[in-house]
Amino acid sequence: KQWYQRRVRGMDEYLILTTEINVRTGPTIVGKEGCNQELMEKLGAELRQSNSALGKTFWESPLDISEVMQKAKQLGYKLGSTTGLGQTFIVVMELQTKSDW
């Protein structure tokens, strides 16, 4: 359960991004409340309060998921996997290490 909190060079090792599949773009959920604040801000996310199934507090970016993925790529993340669940698109991005290069 704690895998999302692993850190490499002070950054989260994995990012899980989700967005609703529909005709509009954004917002993109980029993390739970305990995620690295500096990383979340670099992805353009703000901390939001909600009573939804996602939990009470999460990081959300107004950007389209492709724009968030591009920002994450610039920070050293690579695409790990993608999936869909109902009308939700989920992307896992993994922080690259020097052994990946």
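The legends below describe close-up views of one predicted model.

Residues are numbered from 1 along each chain as its sequence is written. Local features need pLDDT of at least 70 and side-chain atom pairs count only at pLDDT 80 or more, while totals for chains, interfaces and linings use all residues; side-chain values use heavy atoms, leaving out hydrogens and water.

**View 1. Overall arrangement of the protein chain.** The chain has two helices and eight strands (DSSP runs numbered from the N terminus: helices are H or I with at least four residues, strands are E with at least two). Along the sequence their pattern is β-β-β-β-α-β-β-α-β-β. Of the 101 residues, 34% are buried (buried means under 20% relative accessible area, exposed over 50%, partly exposed in between, with a 1.4 Å probe and protein chains only).

**View 2. The largest nonpolar core.** This core has 16 residues (a nonpolar core is a set of buried Ala, Val, Leu, Ile, Met, Phe, Trp, Tyr and Cys residues joined through side-chain atoms within 4.5 Å). L15, L17, V30, M40, L43, Y77 and M93 touch the most other members. Two or more residues each come from β3 (14-20), α1 (37-42), α2 (65-74) and β8 (88-95). Leaving aside neighbours within four places in sequence, V30 has contacts that include L15, L17, M40, W59 and V68 (contact means heavy atoms within 4.5 Å).

View 3. I65, V68 and A72 are buried in α2. Seen down the helix axis, the buried residues of α2 fall within an arc of 60 degrees, so they line one face (the arc is that of the directions from the helix axis to the C-beta atoms). K73 and Q74 are exposed on the face turned away from the buried side. After α2 comes G76, with a positive phi near 105 degrees.

View 4. K42 and E38 form a salt bridge, with their closest N and O atoms 3.3 Å apart (a side-chain nitrogen of Lys or Arg within 4 Å of a carboxyl oxygen of Asp or Glu). Both residues lie in α1, four residues apart, about one turn of the helix. K42 is partly exposed at 41% relative accessible area, and E38 is exposed at 51%.

**View 5. The salt bridges of R48.** R48 meets E46 in a salt bridge at 3.4 Å, N to O, and E60 in another at 3.3 Å. The R48 and E60 pair links strand β5 (residues 46-52) to strand β6 (residues 55-61), 12 residues apart. Shared partners join E46, R48 and E60 into one network. E60 is buried at 17% relative accessible area, whereas R48 is partly exposed at 33%.
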